[in-house]
Amino acid sequence: MSIWRYGDECPWPSRDLLESPKCPYCERGTRTFSSATEPGATRHDQVHTCSRCGWWGLARTQTIFGGSYTTIQFLGASAHLKNLLLDDLDQPIEEVRRYMLARFDARKTIHPRLLEETVASVYRDLGWKVLLTSYSNDGGVDVVLHGSGDTLTGIRVRGRVGVQVKRSKKPIEAEQIRALTGALVQGRYTRGIFVTTERFRSGALKAAERSKQVGYPIHLIDAPKLYDALELTSRARYRSFRDWQASNSPSELHSIRGDEVMYSP
Ligand SMILES: [Zn+2]
């Protein structure tokens with residue numbers, strides 16, 4: 001299962017593949033791996049890979065020897081992002097995380113439970129013991145963190161932390177922060193984290209400040225911080241050419257630049 005596809009139904013890759021292109025999805029610089037070149041080889045492959053979202057583009061230089069001339073062909077293939085259905089709870093979380101890095105707009109339509117699972121997996125990667133509360137009856141806390149780790153606000157803490165995850169189309173209001181404070185008090189949490197796909201209104205910031213004053217600090221993660229968190233915990237999809245080749249073998253390559261023909265004297 002991959003969020004990427006390639007082949008005839010995709011747009012043609014561009015000649016940018018002959019250089020080191022930026023990822024067309026998340027615009028990160030790419031890492032390039034080359035195929036091993038044996039002496040006398042007529043084919044050389046280079047694959048550019050994005051370590052953030054997992055995009056790749058392959059450029060192949062192929063030499064064909066004729067009787068009185070030699071032709072060099074420039075061919076390519078590149079991955080295109082599938083439309084992932086983020087209301088499908090069976091999507092592997094690793095793929096959901098890469099998909100959100102490639103297309104962060106997807107945060108607006110992701111199933112709320114899938115977002116909770118995504119946030120839980122990010123905190124797990126940061127060293128926390130993580131428990132997802134039951135979806136229908138969460139008492140205002142969606143994810144419980146035990147142990148110690150980063151809160152994603154640059155602060156490392158210990159204890160039992162209640163996380164509220166809110167896929168929202170509107171900025172978070174003070175009332176929603178106060179509701180989390182109530183849940184923290186009731187559930188005997190040491191502190192809270194509020195994660196949203198939106199931003200916090202100034203009233204919400206003040207409500208978080210008041211919660212801290214009464215002994216229940218709440219850390220606020222808005223959309224840009226959520227993206228940073230996904231990036232911080234993302235792992236490079238490929239580490240070598242062979243690694244890439246093990247899961248990708250594009251047979252349909254398109255011409256990405258006109259052939260070079262050299263006549264023998
Ligand atoms: Zn990318």
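In this predicted model, Trp128 sits in the loop that joins α2 (112-125) to β7 (129-132).

**Trp128 and its surroundings**
- Trp128 has 21 C-beta neighbours inside 10 Å and therefore counts as buried, the threshold for that class being 20 or more.
- Leaving aside residues up to four places away in sequence, Trp128 touches Tyr123, Leu145, His146, Gly147 and Gly149.
- Leu145 lies 17 residues from Trp128 along the chain, yet their C-alpha atoms are separated by 5.9 Å.

**Packing of α3 and α4**
- Helix α3 (residues 174-186) packs with helix α4 (residues 202-213) at an angle of about 25°, and their axes are 7 Å apart.
- Angles under 35 degrees count as roughly parallel, and α3 and α4 are therefore assigned to that class.
- The crossing in which α3 passes α4 is right-handed.
- On the α3 side, the contact is formed by Ala174, Gln176, Ile177, Arg178 and Thr181; on the α4 side, it is formed by Gly203, Ala204, Lys206, Ala207, Ala208 and Ser211.
- The residues of this contact comprise five nonpolar, four polar and two charged.

**Domains**
- The protein is divided into domain 1, which covers 4-79 + 248-263, and domain 2, which covers 104-232.
- A distance of 43 Å separates the C-alpha centres of domain 1 and domain 2.

Technical notes:
Residues are numbered from 1 along each chain as its sequence is written. This is a predicted model: local features need pLDDT of at least 70, side-chain atom pairs count only at pLDDT 80 or more; totals for chains, interfaces and linings use all residues. Axes are lines fitted to C-alpha atoms, for helices over the stretch in contact, and angles run from 0 to 180 degrees between N-to-C directions. Helices (H or I, at least four residues) and strands (E, at least two) are DSSP runs, numbered from the N terminus. Angles under 35 degrees count as roughly parallel, over 145 as roughly antiparallel, 65 to 115 as roughly perpendicular and the rest as oblique. A crossing is left-handed if the near helix is turned anticlockwise from the far one by less than a right angle, and right-handed if clockwise. Two residues are in contact if their C-beta atoms, placed from the backbone, lie within 7 Å. Ala, Val, Leu, Ile, Met, Phe, Trp, Tyr, Cys and Pro count as nonpolar, Asp, Glu, Lys and Arg as charged, and the others, Gly among them, as polar. A residue is buried if 20 or more other C-beta atoms lie within 10 Å of its own, exposed if 12 or fewer, and partly exposed in between; C-beta atoms are placed from the backbone. Domain bounds come from an automatic or database domain assignment.
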